[in-house]
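Please look over the sequence and the 3D structure shown here. A short report on them comes after.

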Amino acid sequence: WSEKVRTEDTAGLSGLVELDALAHRLVGQGHKLVAILDEYEQLLWRPAQFDALFHALLEALAREGIVTLVTGTHTPLAELHQKADNPSTLYELTVQRDVGLLDPADAMALLATPVGRAGFTLPVTEAEYFVDLAGAHPLFLQLAGYYLFTSLDANRYNRDQVTTQFKAAAK
């Protein structure tokens, strides 16, 4: 990626160099890095914040096997890069998997399993309520689960409060 750096491209470069060094250092220490980029379109639609050098670094780290990238998009990556006039060929490294929404049993398990593993008791009616509230989309279930789990962990569960927190975050 550094071959794409030109002298006039120095405005944000130090952050990318630091990110590159950090990723290599962590892998050198035995860590496995996974970057989950949901709504990846947002990165392409904001070239002032995520420029071609940023995408070149992501691509280089993925090609080197330093970082495994998981992206969530509504459109195939190649098409997104073409529409955004982005020169990255990151899409060449991807395998498209159309995941879709969770079925009701998996949605319930996504909420109830971590809660149970942590030793908390959650009545089935409460789990059903939050599955109904969040729907079958994994991101919204994750948000609902986060607020639910956090409240249980702090020993201050309140359905209305968790619902309010979830709705504010889900906007």
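## The model

The model is predicted: local features need pLDDT of at least 70, side-chain atom pairs count only at pLDDT 80 or more, and totals for chains, interfaces and linings use all residues. Residues are numbered from 1 along each chain as its sequence is written, and side-chain values use heavy atoms, with hydrogens and water left out.

## The largest pocket

The largest pocket has a volume of about 1,100 Å³. Its lining has 31 residues, and Thr71, Gly72, Thr73, Arg97 and Val99 lie nearest the centre. By type, the lining residues are 16 nonpolar, eleven polar and four charged.

Strand 2 (67-72) is one of the elements that supply at least two lining residues each; with six residues, strand 2 gives the largest share.

A pocket here is an open set of points on a 1 Å grid over the protein atoms alone, where a 1.4 Å probe fits, with protein on both sides within 12 Å along at least five of seven lines; lining residues have an atom within 4 Å of a point.

## Glutamate 126

Glutamate 126 is found in helix 6 (residues 124-134). Its relative accessible area is 12%, so it is buried (under 20%, with a 1.4 Å probe and protein chains only). The side chains of glutamate 126 and arginine 159 are joined by a polar contact of 2.6 Å (a pair of N or O atoms within 3.5 Å, one able to donate a hydrogen and the other to accept it).

## Leucine 58

Leucine 58 lies in helix 3 (residues 52-63) and is also buried, at 11% relative accessibility. Between leucine 58 and threonine 68 there are 9.6 Å in space, C-alpha to C-alpha, and the two are ten residues apart in sequence.

Definitions and conventions
Grid points are joined across faces, edges and corners, and a volume is the space filled by probe spheres set on the points. Helices (H or I, at least four residues) and strands (E, at least two) are DSSP runs, numbered from the N terminus. Ala, Val, Leu, Ile, Met, Phe, Trp, Tyr, Cys and Pro count as nonpolar, Asp, Glu, Lys and Arg as charged, and the others, Gly among them, as polar. Buried means under 20% relative accessible area, exposed over 50%, partly exposed in between (1.4 Å probe, protein chains only).
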